[in-house]
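Thanks for asking me to look this over. Please have the view open beside you while you read my comments.

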There are 2 protein chains.
Amino acid sequence: MSDLKSDFARHISSEFNEELEELCADLMKMGGLAERQVRLAVQCQESFDSALVEQIRSAENSVNAWEIRIDELVESVIARRQPTASDLRLVLVVSKIVRDLERAGDEANKVALMAQQAHEAGRNSTVGMVEVRAIGEQVIRLLGDSLTSFARLDVDMALDIARRDKEVDRIYQSALRSLATFMIEDPREIGHVLNVMWVLRALERVGDHATNIAEHVIYLVKGTDVRHLSVTNVEETLKNS
Amino acid sequence: MSDLKSDFARHISSEFNEELEELCADLMKMGGLAERQVRLAVQCQESFDSALVEQIRSAENSVNAWEIRIDELVESVIARRQPTASDLRLVLVVSKIVRDLERAGDEANKVALMAQQAHEAGRNSTVGMVEVRAIGEQVIRLLGDSLTSFARLDVDMALDIARRDKEVDRIYQSALRSLATFMIEDPREIGHVLNVMWVLRALERVGDHATNIAEHVIYLVKGTDVRHLSVTNVEETLKNS
């Protein structure tokens with residue numbers, strides 16, 4: 001971690017450093033918006049409000065605009081500054097994280113859309129809401145923490161995110177099983193339960209994006225590509241690096 | 001299109017040009033593997049064969065290894081060659097496409113896993129198989145064509161992919177509706193139908209990744225970022241560009 005930080009310190013007070021800082025600050029702003037999108041979407045599931053849907057849509061537009069803007073900045077920083085080593089890696093990782101944030105926002109949008117559909121169909125069943133709230137809260141925290149791990153270049157925090165996401169996956173799988181059983185017992189609820197399943201699926205994906213971001217942070221700091229490794233393997237790999 | 005091609009022609013016979021060509025060739029190899037993964041996964045749904053599952057898993061490992069290798073190449077090309085303008089754009093687009101290919105492969109893996117689960121549960125219902133085959137064939141073609149549109153820098157082909165993916169989305173939504181109706185009529189089939197729904201969902205996502213790749217191709221050739229625009233808007237934007 002200290003290597004990377006001292007690398008960045010090299011540029012202090014230079015224009016280049018300001019540009020890198022701007023890039024990271026933009027990414028954090030975009031991340032804050034995506035996180036807000038997910039939070040509002042879960043809120044929408046708990047109690048529907050069309051004003052919330054509007055806010056989510058407007059955040060979605062901003063997130064999309066940020067994605068394009070940050071990608072342009074990435075291209076322009078590389079073209080003008082010709083970064084190498086850890087600076088280049090930072091810039092490339094930012095362009096990867098941007099994609100995951102945009103996708104997390106997309107999932108939030110789907111969750112809001114499904115709340116709207118349920119509302120319009122006049123459904124007010126609370127089946128599955130405990131699971132939506134539980135998984136929703138966890139992935140919102142995962143997404144926020146993944147951004148913090150980037151801001152602090154905190155590998156331990158990033159590793160912890162991958163671990164916690166495994167737990168979310170377990171809760172998600174068990175929720176799907178009990179919802180399927182519920183469907184069989186009460187087929188009148190099939191429409192509602194399907195809707196809840198798609199919501200849980202979208203939220204679970206947000207957790208995956210948080211984990212992707214955490215993996216990019218580990219790569220950025222350690223220079224080790226940990227995508228496609230299990231959590232245990234990642235810990236082993238880092239121990240030996 | 002001609003601009004980009006003449007830009008690349010500038011480097012002919014230079015080492016840099018060879019590296020760019022290697023990068024594109026690697027991407028096409030990875031794409032071929034991801035496409036094969038999806039094809040085998042759909043085959044697995046039609047008639048289960050554990051040897052196929054093994055092949056898919058092995059392709060998955062190769063696809064993951066390619067993702068890391070190509071990303072490393074992207075970093076090394078930028079660091080050593082300091083590309084600008086359309087060369088830089090090409091390299092950055094390759095690193096974006098790689099991600100979509102890897103995700104498409106992930107979806108194929110899920111489809112194979114669900115075929116295995118259905119097989120192990122002793123299910124042999126054919127409900128939904130027409131839809132799985134229809135959507136499967138379409139997204140396999142979309143993915144293949146998205147790679148061809150990249151290889152040929154063919155914007156018209158890329159635009160057509162976005163259009164065809166909209167059609168896949170319509171078929172998918174209508175399949176979900178009829179499957180939900182089927183569940184209500186025959187609750188004993190709930191487990192099987194849920195499995196089919198997840199399969200369709202995964203295949204539909206493959207179509208989305210093909211569209212993302214097509215959008216990257218349009219950006220590469222036209223310099224216009226068409227992500228987050230509807231097909232009609234993209235056509236308008238390109239007409240005016």
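1. A word on the basis. This is a predicted model, in which local features need pLDDT of at least 70 and side-chain atom pairs count only at pLDDT 80 or more, while totals for chains, interfaces and linings use all residues. Residues are numbered from 1 along each chain as its sequence is written, chains are lettered from A and ligands numbered from 1 in the order in which they are written, and side-chain values use heavy atoms, with hydrogens and water left out.

2. The interface between the chains. Contact (heavy atoms within 4.5 Å) links 38 residues of chain A with 38 residues of chain B. The two chains bury about 3600 Å² between them, and carbon and sulfur atoms give 57% of that; buried area here is the accessible area, with a 1.4 Å probe, that two parts lose on being put together, summed over both. On the chain A side, Glu75(A), Trp198(A) and His228(A) supply 18% of the area buried against chain B, more than any other three residues.

3. A helix pair across the interface. Helices are DSSP runs of H or I with at least four residues, numbered from the N terminus. Helix 7 (residues 190-222) of chain A and helix 6 (residues 155-185) of chain B have axes that come within 10 Å and cross at roughly 135 degrees. Axes are lines fitted to C-alpha atoms over the stretch in contact, and angles run from 0 to 180 degrees between N-to-C directions. The two helices are therefore oblique to each other; angles under 35 degrees count as roughly parallel, over 145 as roughly antiparallel, 65 to 115 as roughly perpendicular and the rest as oblique. From helix 7 of chain A, Ile190(A), Leu194(A) and Trp198(A) make the contact, and from helix 6 of chain B, Tyr172(B), Leu176(B), Ala180(B), Met183(B) and Ile184(B) do. By class, that is eight nonpolar, no polar and no charged residues. Ala, Val, Leu, Ile, Met, Phe, Trp, Tyr, Cys and Pro count as nonpolar, Asp, Glu, Lys and Arg as charged, and the others, Gly among them, as polar.

4. A helix pair within chain A. The axes of helix 2 (residues 15-46) and helix 4 (residues 85-120) of chain A come within 8 Å and cross at roughly 15 degrees. That makes helix 2 of chain A roughly parallel to helix 4 of chain A. Their contact holds 23 nonpolar, five polar and two charged residues.

5. Two buried side chains in chain B. His216(B), in helix 7 (residues 190-222) of chain B, is buried at a relative accessible area of 3%; buried means under 20%, exposed over 50% and partly exposed in between, with a 1.4 Å probe and protein chains only. Beyond its neighbours within four places in sequence, His216(B) is in contact with residues including Arg99(A), Asp100(B) and Arg227(B). Ser149(B), in helix 5 (residues 129-152) of chain B, is buried at 0%.

6. One partly exposed residue. Glu46(B) is in helix 2 (residues 15-46) of chain B and is partly exposed at 39% relative accessibility. Its C-alpha atom is separated by 7.6 Å from that of Arg133(B), 87 residues apart along the chain.

7. Backbone angles to look at. Ala85(A), found in helix 4 of chain A, has a positive phi near 45 degrees without being a glycine. Leu153(A), also not a glycine, has a positive phi of about 50 degrees.
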